[in-house]
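Dear colleague,

I am passing on the structure we spoke about, and I would be glad if you could look through it alongside the notes below.

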Amino acid sequence: MSSPCNAADEATNGNATSASNASKTCDKDEKDEKASESETFSRFREVAAEISTKAWKLSAEAHAKAHELSDEISTKATPLLAKAQAKAHEISDEISTKATHFTAKAQAKAHEISDSLFAHMLNAEAAASAAMARRRALVGLVDVLVERHSAGRLKRRWVLATAMVTFCYCRYALPALASWGSGHWERSVDASEFEQTVGGHNSHVNFAVLVVVSLGYLSMLHCSSRLMEARLPIKSTIFEILVVYNMTQMLLNTYVCVRVLQEAWLQGFSYPWGNQFVYTKEGHRLGYFIWFHYHCCQLELLDTVFVVIRKKFQKITFLHVWLRLLNMWGWFFACRYACGGDTYFPAAVNAATRAVVYAFYSLSLLSQRGVPLVRKAHVTELQMFQFAICACHALFCMYRFWDMQISRAVLLLYFLVMTSGLMLYTDFHYQADGKSVTKLEAQRKISIAFDSSGWLYCYHFGVAAWLREHLVPDDLQPEEAESEKFPNHLAFSGSSGGALVATVLSCGLQPKEVFEVVLTKQPECAYNPFRMLPAAEDVLRKMMPANAYRSLSGRIRVLLTRVSLKFPFLSAEVVNSFKNQEDVFHALRSSCHVPIIGGIGPYRYDGHAYFDGMFWPQMLVPWKGNEADYVVRVSALLSNPSSDISAPFLPAWWAVFPPKEPILRGLYWRGYRDAARWFSSPEVSAWSCRSAASAEGLRRRPSGKGRLSLKPEGTEDADGEDRDRWFEIQKLLLKKPDGLVPDVDPATGQAPEEYIELMEAAMNRERMCIGGMSMVICALVFMWVLVGWL
């Protein structure tokens with residue numbers, strides 16, 4: 001079938017009219033076709049737009065439906081996921097706990113095997129460790145002054161600059177100090193204003209200067225420690241200064257030793273005793289070198305400066321400060337009242353010892369391998385030998401030459417200074433076989449230490465009652481105290497009355513019940529102190545459970561004072577292992593044996609003689625706990641700054657003559673309240689130079705087990721030990737402390753606060769009476785002296 005266009009082509013040859021009609025028809029058909037196509041395209045666009053609109057609506061509805069389904073699924077899945085996570089944490093904690101217990105048991109077993117194989121070595125090491133550590137800390141801070149440079153070679157320019165400053169001091173400042181006041185002294189001698197004294201003007205040292213130096217030293221120690229707490233330790237140039245300082249001390253002390261011996265030889269001193277004072281210029285030269293030695297004692301205070309600026313605060317102990325000040329004060333009086341004669345001998349010995357010690361310091365700093373054939377322990381032995389020699393010299397001079405020119409007071413002071421130094425380096429810890437067992441613990445424990453107290457142990461009972469409620473399960477019976485139900489992280493120690501309270505806690509007894517029994521003994525002991533120990537024996541026999549020796553072994557440390565005929569004659573013995581009930585009874589009875597009150601002689605136990613545990617410091621005898629333990633110190637009779645929980649300043653006679661029952665109850669509840677307050681807020685011991693963090697410095701952060709725990713912001717390593725101890729104890733509390741006492745005393749029905757107020761009123765009243773009597777006696781003595789002088 002041909003198209004209209006083909007027909008038009010064929011008609012072109014025949015008929016023009018037909019062709020014209022065909023052309024018009026073709027054009028019309030083309031327009032119609034285009035219109036149809038346009039209409040179809042328009043219709044197609046409408047359909048496409050309609051389909052797009054419906055598709056968008058369906059997509060939006062599907063998207064909304066998907067969100068609804070997703071929210072529903074998420075809502076239903078969240079509890080399931082939380083349960084799964086909680087279950088996973090439970091399983092993880094259980095596995096971790098079992099693994100920890102298994103590791104602890106394995107370590108304990110390994111330690112037992114090691115103890116059995118190497119017991120002879122471990123016991124000897126444990127016996128000497130505390131004393132050796134104390135000696136090393138007292139000797140001049142060996143670890144600080146001999147620590148080598150860790151940042152490469154020493155800087156020569158700083159060494160040279162320090163050496164120049166030291167040279168200028170020795171060349172110009174030291175002679176000026178030595179000649180200070182010499183012109184006035186010579187003019188006064190010529191004018192016969194006062195008699196010529198031994199040592200010349202060197203003996204006229206100024207007491208005010210000594211006081212200013214001592215106060216300045218203590219103030220520097222306090223302020224610089226606080227200043228360095230928030231700063232990094234100084235490392236640049238410090239080792240260069242240390243090298244020059246140690247070598248200067250070595251040279252100065254060597255010079256003093258040589259010149260003192262030379263002057264003594266020139267004055268004809270053949271022996272170190274029995275020498276008379278020389279008032280000539282030769283004697284003045286000897287006095288100058290004795291003064292020079294006194295000045296070296298002042299320079300030795302700079303040791304503490306190096307400790308502070310390097311933030312070695314743990315090296316600064318009370319004994320460190322005490323020895324340096326005592327040595328300086330002792331040589332002040334020697335220079336002031338005995339600047340010649342036999343004084344040359346202790347000056348030479350002391351200077352020679354310091355020269356050797358500082359030579360060891362200097363060589364240790366300069367040599368990478370240290371000092372050959374010399375250990376740090378030899379430094380302590382040399383110091384002990386020096387104290388022993390000088391103490392024997394002082395004793396011989398007092399015995400043989402009592403009427404010599406040296407004042408008796410100076411001789412006695414000389415002996416006391418040397419004896420105190422020797423005692424601080426002596427090991428007073430006696431370890432008895434079978435009674436003091438040294439055992440390596442797999443974990444750090446919380447050790448509660450109760451000091452000596454007498455009848456003031458009523459305060460200890462109050463502290464123990466709070467501890468029993470918050471650290472020990474309520475349903476624990478004394479028969480279960482030896483089982484694993486008793487918290488194995490707790491340990492106790494005590495001396496005298498404190499040992500009795502520690503025994504109550506260790507045996508699982510209720511301190512409140514034992515305290516009520518103790519109160520029944522007050523009437524018979526109120527005016528008869530000799531009944532105190534028999535009353536304690538009755539309470540022990542009545543309240544001590546049958547399994548006490550098994551419960552106490554390894555958990556309690558009882559401090560005794562052992563008396564013997566061997567040096568040092570009095571030593572501390574710590575008992576922590578018991579064989580039977582009688583062993584427990586006699587150990588506690590020995591710790592409470594107060595001289596005279598308990599009898600004229602010592603208490604006999606196991607073939608040895610004992611006195612009361614007294615107040616042996618932890619520095620001399622580690623009786624309050626192992627070195628790694630967190631120790632909480634409780635004091636009632638003699639509260640000191642190192643105590644954590646301490647009673648107020650109570651009348652000392654209450655320890656022997658117990659006050660009335662309501663006052664003793666006030667003491668009990670005061671101890672309970674002090675313990676509640678201490679465990680309710682973090683505190684740092686006032687004995688240290690570190691300050692407690694304020695409330696603003698505390699913030700909450702999640703602990704490792706998902707609990708909230710308090711941690712101080714910006715806590716430094718220097719004060720972290722006391723902080724860590726408090727926070728570790730908080731983890732062990734079974735109840736949250738509130739710092740309050742109960743509303744009612746269960747034994748009497750009265751409010752504990754009333755008993756506390758009654759006790760404090762009696763305490764203040766008796767203290768005022770004693771103070772008034774003392775003032776009256778002093779006034780009478782002053783009037784008697786004044787009348788005799790007039």
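What follows is a short account of some strand pairings and aromatic contacts.

Please keep in mind that this is a predicted model.

I begin with the strands. Strand β7 (residues 608-611) pairs in the antiparallel sense with strand β4 (residues 556-563) over three bridges, and β7 also pairs with strand β6 (residues 603-605), again in the antiparallel sense and over three bridges.

Turning to the aromatic residues, a search of the whole structure finds 25 aromatic pairs. Phenylalanine 332 counts as buried because its relative accessibility is 3%, whereas phenylalanine 333 is partly exposed, with a relative accessible area of 26%. The ring of phenylalanine 333 also pairs with that of tyrosine 337, and because their planes lie at 10°, with the centres 6.3 Å apart, this pair is stacked. Both phenylalanine 333 and tyrosine 337 belong to helix α11 (residues 318-337), where they are four residues apart, about one turn of the helix.

Tyrosine 337 is partly exposed at 47% relative accessibility, and arginine 336 lies over the face of its ring, 5.5 Å from the ring centre. Elsewhere, arginine 541 lies over the face of phenylalanine 585, at 3.6 Å from the ring centre.

Methods
Residues numbered from 1 in each chain as written. Predicted model: local features only at pLDDT ≥ 70, side-chain atom pairs only at ≥ 80, totals over all residues. Heavy atoms only, no water. Pairing = 2+ DSSP bridges. Helix = DSSP H or I, 4+ residues; strand = E, 2+ residues; numbered from the N terminus. Phe/Tyr/Trp six-rings, centres within 6.5 Å; stacked < 30°, edge-to-face > 60°. Buried < 20%, exposed > 50% of the residue type's maximum accessible area, 1.4 Å probe, protein only. Lys NZ or Arg CZ within 6 Å of the ring centre and 35° of its normal.
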